[in-house]
Structures are given as structure tokens and as C-alpha cells.
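Reader: I have the model open and a few questions about how it is put together. Can we go through it piece by piece?

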Amino acid sequence: MITKVLTLLFRSDKEEDIKKALELLIDHFKADWIYIADFEEKQKNIRLLYKAKSPYTQEKSESETVKEFSTIPWTMEKLLDGQNIVINHIDELPEEAAVDKSYFKSLHFISLLVIPLSVHGQVKGFIGFDYIHSQKQWQQAEVEELKLLANIFSIIIERLHNKESVEEEKRRNEQELQKKFEADKLKSAFLANMSHEIRTPLNAIVGFSGIITEIEDIEERRNYQEIINKNNDLLLQLISDILDFASIESGTLSYQYTEVNLKKICTKIHQTYTARRNSNVKFIFDADIHPEITLHTDAQRVMQVILNFISNAYKFTKKGNIVLSYKALSDHILIEVTDTGIGIEQKYHKSIFNRFIKINNFSQGTGLGLTICKMIIKALHGDIGVKSQPDKGSTFWITLPFSPLEQKKNHRKTSAHYLI
């Protein structure tokens with residue numbers, strides 16, 4: 001029988017042939033369950049790869065394919081040391097295997113055999129035989145036969161790992177190539193767009209600067225001056241966005257952490273906009289209803305993000321108002337800029353923060369403003385997002401911690417009804 005199994009496995013390592021080999025072993029050794037498992041070393045888990053059951057054994061409906069090492073600590077210690085686990089009767093387990101014994105009894109095990117599967121001297125998994133209907137008295141010759149068979153299964157596990165590694169590497173390479181391709185497309189579109197975006201304000205500045213000295217009418221000169229100033233601001237913003245983006249991409253953008261009074265920042269922004277804006281849109285920040293809040297963050301960068309939100313709100317809001325507000329939550333602060341503008345469709349809510357994305361191609365700008373905002377807020381350990389509906393306005397929001405965030409690890413626990 002062992003010869004048949006060896007011949008089958010040497011011929012192929014296909015899943016159906018492995019299962020057929022396990023069925024032959026079930027029939028020969030009259031076991032209730034046979035299974036092959038490997039180890040997920042980083043998670044300290046056991047992963048079920050293949051299993052077979054006796055036709056007289058009922059399938060366990062709540063079984064799972066992953067189990068933590070800690071479920072059977074004594075067994076795992078012996079296996080990792082390269083030892084076979086030969087249990088003719090569950091009551092033979094020593095006192096130090098109390099945890100394992102309790103678990104095995106909960107599964108109604110009477111006898112079991114577990115043989116480690118080693119690759120290059122390192123234990124990578126095991127093959128197990130469970131008996132729940134009768135006691136099995138293992139003979140030394142049987143164990144030796146199965147140790148020989150375990151070497152073949154070890155090779156199969158190694159092949160499986162190598163195949164998974166190759167496929168994972170292939171997937172990663174394909175994803176990287178796709179990302180590079182998309183990035184190249186976006187950069188090409190961005191550069192083409194920039195040539196237009198930069199020429200537009202430059203042409204306006206050069207053109208109106210040339211004729212303003214020839215105009216005698218004061219009102220007309222004032223209008224031309226306003227056009228020049230507007231395009232100056234636009235050009236400076238374009239250059240500023242490009243330089244900021246390049247600095248962030250290269251990792252050279254610096255952050256200056258200080259104690260920041262959020263109310264003062266918002267009040268300053270409100271004063272600046274209400275002083276220079278001549279618009280049908282009202283900009284609102286009610287300082288009286290907002291508490292004094294101090295954050296440990298970069299004041300300049302926080303202002304940059306808020307100003308970007310407000311600037312975008314003015315672009316797409318023709319009437320109504322724009323409201324700046326904030327409130328303290330449990331461990332962070334929420335800052336919002338809400339407008340009564342044209343709104344944004346749900347499908348754009350995530351992509352709007354991607355680089356070089358412009359939902360409205362007729363609006364001026366680099367398409368980098370929100371990308372830069374996202375990069376800045378992530379660097380400040382915060383989050384960013386948008387709530388919006390078409391024709392009902394938008395709310396762009398950020399969160400910032402009161403203090404630097406701490407990373408926490410979550411451990412996932414699983415259970416199973418086989419040995420693993």
C-alpha cells in the first residue's frame with residue numbers, strides 16, 4: 001500500500017492525487033481522519049492544506065482551516081523539535097500536555113499519530129492520523145513507513161510554498177507594472193495640462209500689463225489691475241502646488257510641530273477671506289461658539305489644507321455660504337469646510353484625492369491641491385475625506401489628533417475541530 005501511495009505522489013503533486021493518496025492511507029490504517037498541515041510562521045498558526053475522512057466518520061460542520069499554535073502547545077513544541085507524537089490512548093499524555101489533552105478530548109480523540117514534515121532540516125508542517133471510534137496501537141514499523149512517506153509530503157509542501165511565492169511575486173510585479181503604467185499616463189496628462197494652466201495666467205499678466213499703461217479711464221484700469229492680480233495669485237498657487245508636491249514626493253517637505261491654537265488659526269483665515277472677497281457667497285466662522293483648543297501640530301500646514309478647502313469651495317459655489325467649523329471628539333479634532341455649491345457625485349468621493357485628478361476639467365488648477373492636502377494630513381497622523389451630494393453642496397473634513405498616535409496590534413483568534 002505504501003508503494004502505491006509513493007508511486008501516486010511521485011507521478012503527480014496535483015490536489016486530486018494527494019487526496020487520493022490520503023484516501024488510500026485512511027483505508028489502510030483504518031483512521032477516522034488524516035490531514036496535512038503547514039505553518040504560517042509569522043502568525044504562529046497551523047493551516048490545513050489537505051484532509052480525508054473515513055466513510056464511517058461524520059464531517060464536522062464547524063471545522064476551520066486555521067488554528068493557533070497555543071491551542072496545542074505541547075504538541076507543537078514536540079513537532080518543532082522534530083519529534084513524532086505517538087499516542088496509543090489519549091490518557092497516556094503527560095501532565096505537561098494538559099492543554100492539549102483537554103482539546104483532544106473535546107474532539108473525542110482516542111488515539112493519534114502526528115509526524116513532522118521537514119524541509120532542509122526545518123519543520124514546515126505535519127501529517128496527522130486521528131481515531132475517534134476505536135483505539136489504535138501503533139507499531140514501530142508503521143511509524144517508520146509513515147516517516148518515509150512524510151518526506152514525500154514535505155517535498156510537496158515545499159513545492160506548494162514555492163508555487164505560492166512565484167504566483168505572489170508575479171501578482172506584485174503585474175500590480176507594480178500597472179501602477180507605473182497608470183502613473184505614466186497621469187503624468188503625461190498632467191504635464192500637458194500644466195502647459196495650458198501656466199500659459200493662461202501668464203498670457204493674461206503679460207497682455208494686460210502691456211496695455212494698462214495706455215488706458216486713461218480709472219475704472220477700466222482698476223478692472224485690468226484686478227485681472228492681473230487674480231492671475232498673479234493663480235500662477236503663484238500653481239507653482240506652489242507643484243513645488244509642494246515635488247517636496248512631498250521626495251520626502252523633503254518639513255513639518256514644524258508647535259502648540260497651535262486652532263481658534264486663532266480659523267479666526268485669521270476668516271478675517272483674511274472676509275477682507276478681500278467680494279462675492280455673493282458668504283464666508284462664515286462663528287468664533288463665539290467654538291471652544292479654545294490647542295493641538296500639537298504644524299500650524300502652517302493645517303492652514304494650507306483649510307485654505308485649499310475654502311478656495312475649492314469658492315470655485316464651485318455661486319450662491320449661499322461657506323462655513324468653517326470644528327469640534328472636539330474623544331481623541332481627535334474634526335475640522336470641516338461646508339459649502340452650498342454644485343456638489344460631487346458619490347463615485348468621485350475617493351478618487352478626488354488621487355494625484356492629477358480633476359473632476360471638472362474646465363476649472364483652473366493643477367489637480368494636485370487635494371492630493372497635497374491628503375499627504376499633509378497623513379503626515380500629521382490625521383485623516384481626510386468628503387461628504388457630498390450633487391446640487392446640495394459638499395463638506396470636506398480632516399481629523400487631527402491632540403497628540404501623536406500610537407500604533408496598536410490586533411491579534412485574531414480562530415478555532416477548529418480537527419487536531420488543527
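Reader: Which strands does helix α2 lie across?
Author: Helix α2 (residues 15-29) lies across β1 (33-40), β2 (45-53) and β6, and runs at about 70° to β2. The model is predicted, so local features need pLDDT of at least 70 and side-chain atom pairs count only at pLDDT 80 or more, while totals for chains, interfaces and linings use all residues. Residues are numbered from 1 along each chain as its sequence is written, and side-chain values use heavy atoms, with hydrogens and water left out.

Reader: How do you define the elements and the angles?
Author: Helices (H or I, at least four residues) and strands (E, at least two) are DSSP runs, numbered from the N terminus. Axes are lines fitted to C-alpha atoms, for helices over the stretch in contact, and angles run from 0 to 180 degrees between N-to-C directions.

Reader: And α3, which strands does it touch?
Author: α3 packs on the sheet and touches β1, β2, β4, β5 and β6, where contact means heavy atoms within 4.5 Å. The direction of α3 makes about 130° with that of β4.

Reader: What is the strand order in that open sheet of 6 strands?
Author: The order is β3-β2-β1-β6-β5-β4, with antiparallel pairing. Two strands pair if DSSP finds at least two bridges between them. β3 (66-68) and β4 (85-87) are the edge strands, each pairing on one side only. From one strand to the next, the twist averages 25°.

Reader: How many bridges does β6 make with β5, and how many with β1?
Author: Strand β5 (residues 111-119) and strand β6 (residues 122-131) pair in the antiparallel sense over 9 bridges. β1 and β6 are also antiparallel, over 6 bridges. D130 in β6 stands opposite L112, and D130 is also the bridge partner of W33.

Reader: Is β6 mostly covered or mostly open?
Author: Mostly covered: 8 of its 10 residues are buried. Buried means under 20% relative accessible area, exposed over 50%, and partly exposed in between (1.4 Å probe, protein chains only).

Reader: What sits between β5 and β6?
Author: The two strands form a hairpin with 2 residues between them, and H120 in the turn has a positive phi of about 55°.

Reader: Where else is phi positive in a residue other than glycine?
Author: K30 is one of them, with phi near 55°. K30 is in the loop between α2 and β1 and counts as exposed, at 56% relative accessibility. D391 is another, with a positive phi of about 70°. D391 is in the loop between β12 (383-389) and β13, and D391 is exposed as well, with a relative accessible area of 70%. As background, most residues other than glycine have a negative phi.

Reader: Back to helices. At what angle do α3 and α4 pack?
Author: Helix α3 (residues 73-80) and helix α4 (residues 98-106) pack at about 110°, with their axes 6 Å apart. That makes α3 roughly perpendicular to α4, a label that covers 65 to 115 degrees, with angles under 35 degrees counted as roughly parallel, over 145 as roughly antiparallel and the rest as oblique.

Reader: Which residues meet there?
Author: P73, W74 and T75 in α3 meet V99, D100 and F104 in α4. By class, the contact has 4 nonpolar, 1 polar and 1 charged residues. Here Ala, Val, Leu, Ile, Met, Phe, Trp, Tyr, Cys and Pro count as nonpolar, Asp, Glu, Lys and Arg as charged, and the others, Gly among them, as polar.

Reader: Now the sheet of 5 strands. What is its order?
Author: This open sheet runs β8-β10-β11-β13-β12, and the pairing is mixed. β8 (281-284) and β12 stand at the edges with a single partner strand each, so one side of each is left without a neighbour in the sheet. The twist averages 15° from one strand to the next.

Reader: How many bridges join β12 to β13?
Author: 7 bridges join them, and the strands run antiparallel. One of the pairs is K387 with T395 in β13.

Reader: Which strands does helix α9 touch?
Author: Helix α9 (residues 369-379) packs on the sheet and touches β12 and β13. The direction of α9 makes about 140° with that of β12.

Reader: Is T399 buried or exposed?
Author: T399, in strand β13 (residues 393-401), is buried, with a relative accessible area of 14%.
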